[in-house]
Amino acid sequence: MPRAGWLIVVVALGACAHRRPRAPADGVADARVFYYRDNEGLQVVTSGAHVEQALPHGDTLQVSYVMDHVEIHPVDAVSRASAQIGDGLGLDKNRYELTAGYLADVSGARATAHVGARARVSIEPDYLSASGELRYAGELNRGNTAIAASVTYGHDRIDPKLFHPDDAGRWPAAHDRVTATIAVRQLLGARTDVSFGVGGGVQLGALQSPYRRASVLEGFGAFASYHDHAERHPGTRGRFTGFLGVSRYLGRGAALHLRLGGYADTWRVLALTPEVAVVFELGRRVLLSLGYRYYVQSSASFYQPKYASLTALRSGDRRLGALDEHVPGVELRWTIVGEPARAGALEVVASYQLSRLRYWRIDTAVLSHQPSLGLAFVH
Amino acid sequence: MRGGALLALLLASACVTVQPWQREEQARRAMTQRFGEERQAGKYRAKILETKAGGGSAWGVPGGGCGCSQ
């Protein structure tokens, strides 16, 4: 956990230490560490802290801090699908992200509603990303219907320290994005609810990577061979998403959650994500979740693992090819002090996810392990 | 077509009114604390998906920050 992250948690815990236990909660402070490791030599440690505090008049303040430490040490640099420039020996870098948001209570006599704004900045050695979001969340129909909507604008600047000679003059570069989402949750009865939503967005600017290379066949007959060329992606990408979910309380402290997500973009990538989770309350203090997600995706129109000739659009990004992923997971939440979701509660959360991702176009499978451990204090 | 079906579902479901005193089971932790969705976990899962797949999460439109969405 980075020092600043701990500081946020300690300040939040200290500020709320005087509160009586078992009072209704008006905030939470949590710290969590996620670990990712795959069979290609990629290792990421993500540590984060999040503080949420209710203010007078029903307003809410949120602050989050995240740090990623990324290490890439290819176990088999020769067979890696996406050719990269550089020595291929590895990379260590950090990414820092800070998010701050304010949600104002604008509830009327007949319905509750909040409007808010959130700002986010992410910094890494060769990449700067900043975004701002406006959001609305409200309840209608005596609390039976909840609606959330957001509009986000983001600006990213890429400043690579190393790039292909073909790309001289292209970097540093930037791209902008605008996205909008709306989601609805509706109670269907005492034990069932349904949720659904749609989103759309557009990205404009430099959307290729300065590091990846496209493999292109050059020369004739016996003298033909593959050479690396700089990527050329379209300068615009429109994205559309949607989801539909159903949750059902099964009785005896168990609930079933089903969800289906869809994705489409103007590069002709289509994706579907069915997901199922079963959550069990084991006594008053322990919550056990078992989940499984499947993700399947089609190929972008211009993606080829290897190009037979130099084309105007080309990519070395295997993520733009057809792929699928199986992700089973388990999560355990244990309230070790106090009552769950009540002021004074201290909760430990641990999770583990296993992912098997297959890139069909290059016949490559990536197996990754993703454990996490966290501590949350409700105040 | 798909949008129409969603709208029909919304209109049909809006006719249902569950009174506050009937929502005890809706408020159970098993219903409200879904797998990997709270605060940091939800963002982290979206980030991992964005890093490994070209499409990204259906629960939001991905955007840069890790250099992985280019």
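## A walk through the two-chain model

In this predicted model, the contact between the two chains draws 100 residues from chain A and 53 residues from chain B. Together, chain A and chain B bury about 6,200 Å² between them, and carbon and sulfur atoms account for 53% of that area.

What kinds of pairing cross the interface of chain A and chain B? There are four salt bridges, and 14 residue pairs, both at pLDDT 80 or more, are in polar contact. In one salt bridge between the chains, the side chain of R28(B) meets that of E281(A), with N and O 2.6 Å apart. Side chains of opposite charge can pair when their charged atoms come close.

Which element of chain A gives the largest share of the side that touches chain B? Look to strand 13, residues 236–251, which provides nine residues. Sorted by class, this side of chain A holds 36 nonpolar, 33 polar and 31 charged residues.

Strand 5 (91–105) and strand 6 (113–124) of chain A each give at least two residues to the patch, and I123(A) is found in strand 6.

Strand 6 also takes part in a salt bridge. R118(A) pairs with E133(A), and their closest N and O atoms are 3.0 Å apart. Because R118(A) lies in strand 6 and E133(A) in strand 7 (residues 127–140), this pair ties together parts of chain A that are 15 residues apart in sequence. Over all chains, the salt bridges come to 26.

Most residues other than glycine have a negative phi, and most peptide bonds are trans. Where does the model depart from a trans peptide bond? W171(A) and P172(A) are joined by a cis peptide bond, with omega about 0°. P172(A) sits in the loop between strand 8 (145–158) and strand 9 (173–187). The other spot is A341(A), a residue other than glycine whose phi is positive, near 65°. You can find A341(A) in the loop that runs between strand 17 (323–337) and strand 18 (346–359) of chain A.

Note on methods. Residues numbered from 1 in each chain as written. Chains lettered and ligands numbered in written order. Predicted model: local features only at pLDDT ≥ 70, side-chain atom pairs only at ≥ 80, totals over all residues. Heavy atoms only, no water. Contact = heavy atoms within 4.5 Å. Buried area = accessible area lost by both parts, 1.4 Å probe. Polar contact = N/O pair within 3.5 Å; in protein donor to acceptor, adjacent residues only side chain to side chain. Helix = DSSP H or I, 4+ residues; strand = E, 2+ residues; numbered from the N terminus. Nonpolar A, V, L, I, M, F, W, Y, C, P; charged D, E, K, R; others polar.
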